[in-house]
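Subject: Structure handover and notes

Dear colleague,

I am passing on the structure we talked about, and I would be grateful if you could look through it alongside the notes in this message.

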Amino acid sequence: MSSKLKILVPVKRVIDYAIKPRINKTQTGVQKTGVKFSINPFCDIAVEEAVRIREANKGAVESIHAVSIGPTKAQDVLRTSLAKGVDSSTLIDVGDAEVEPLVVAKLLRKIVERQQSNLIILGKQAIDDDSNQTGQMLAGLLGWPQATNASKVVVQGDVVTVTREVDGGAETISAQLPLIITTDLRLNEPRYATLPNMMKAKKKPLEKLTAADLEVEIQNRLEILKVEEPAARSAGVKVANVDELIAKLQAAKAL
Ligand code: AMP
């Protein structure tokens with residue numbers, strides 16, 4: 001008999017992907033005040049995939065739980081996830097602390113134990129720190145198999161088949177539960193949270209914890225020395241025809 005799926009989806013609150021981040025005055029990070037925050041796009045894809053797995057495998061999914069580690073305002077991304085079909089959620093409130101992927105993975109391991117999750121779907125990366133580490137570290141801590149950069153997921157009982165985006169093609173692998181999956185951009189197109197579902201989501205469970213409640217110390221190992229904007233590009237020149245282009249390239253010793 002196959003086990004029921006207990007899916008965990010970690011979702012991060014990040015500066016909205018459509019906003020161009022500005023470096024702060026102290027050059028230690030980006031400006032966060034007065035800026036729109038949203039769910040990390042890869043995490044949105046992870047939520048969508050969890051809901052689609054439930055829709056495609058009637059009765060096979062026992063629960064979908066979302067967890068976010070961040071400031072109190074990270075509740076917003078949990079509410080959005082609940083509106084899209086997640087059943088329950090946990091906020092691990094760390095205030096304004098920046099938390100490195102290893103600490104995130106340690107906190108997530110505690111939630112996995114509490115929820116008895118057997119399938120974890122994370123984004124392949126958070127678009128703010130671009131670490132692309134948390135899923136892999138969590139797989140290491142738990143000793144579970146991992147299928148990263150998923151572009152297709154098929155669940156059949158305890159066996160999950162994942163197609164992965166690899167250089168110049170696709171790789172299809174399969175593994176037994178428990179399993180960790182990280183999502184690539186082409187996995188699916190997330191649905192929108194409708195207003196009635198946002199209202200209903202207010203009644204769904206949102207548990208609030210701190211790192212201390214989970215006996216995990218927030219200890220970072222990296223020090224940010226400097227954050228800089230990319231160098232401004234110098235203006236280009238318009239050429240009237242191919243001859244002029246060749247002359248200019250020869251003058252620049254590019255030909
Ligand atoms: P990263 O390794 O930081 O690029 O993040 C990869 C994935 O790990 C994200 O897409 C999330 O699914 C998860 N994750 C990272 N940081 C957090 C966080 N603070 N809260 C919840 N999930 C997180």
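This is a predicted model: local features need pLDDT of at least 70, side-chain atom pairs count only at pLDDT 80 or more; totals for chains, interfaces and linings use all residues.

Residues are numbered from 1 along each chain as its sequence is written, and side-chain values use heavy atoms, with hydrogens and water left out.

The protein chain has six helices and 11 strands, where helices (H or I, at least four residues) and strands (E, at least two) are DSSP runs numbered from the N terminus. Its C-alpha atoms fill a box of roughly 75 × 40 × 40 Å along the principal axes. Of its 255 residues, 41% count as buried, a term that stands for under 20% relative accessible area, with exposed meaning over 50% and partly exposed in between (1.4 Å probe, protein chains only).

Turning to the ligand, 18 residues surround it, and the closest are Pro10, Ile69, Ala126, Asn132 and Thr134; a residue is near a molecule if one of its heavy atoms lies within 4 Å of it. By class, this shell divides into eight nonpolar, eight polar and two charged residues, with Ala, Val, Leu, Ile, Met, Phe, Trp, Tyr, Cys and Pro taken as nonpolar, Asp, Glu, Lys and Arg as charged, and the others, Gly among them, as polar. Oxygen atoms of the ligand lie 2.8 Å from a backbone N or O atom of Pro10, 3.1 Å from one of Gly123, and 3.3 Å from a polar backbone atom of Ser131; a polar contact is a pair of N or O atoms within 3.5 Å, and within protein one must be able to donate a hydrogen and the other to accept it, while residues adjacent in sequence count only if both atoms are side-chain atoms. Taken alone the ligand exposes 480 Å², of which the protein buries 98%, with areas from the Shrake-Rupley method and a 1.4 Å probe, and for residues only the protein chains shown counting as cover. Strand S4 (61–70) and strand S6 (119–123) each give two or more residues to the shell, and the largest share, three residues, comes from S4.

Pro10 itself lies in strand S1 (residues 5–10). Is Pro10 buried or exposed? Pro10 is buried, because its relative accessible area is 10%.

As for the second largest pocket, 19 residues line it, and Tyr17, Ile39, Asp44, Lys84 and Tyr192 lie nearest its centre. A pocket is, on a 1 Å grid over the protein atoms alone, an open set of points where a 1.4 Å probe fits, with protein on both sides within 12 Å along at least five of seven lines, and lining residues have an atom within 4 Å of a point. Strand S3 (37–39), helix H1 (41–56) and helix H2 (75–83) each give two or more residues to this lining, which divides into nine nonpolar, two polar and eight charged residues.

Finally, Leu222 sits in the loop between strand S11 (206–209) and helix H6 (242–251), and Leu222 counts as exposed because its relative accessible area is 69%. Asn241 caps the N-terminal end of H6, with a side-chain oxygen 3.3 Å from the backbone nitrogen of Asp243.

Best regards
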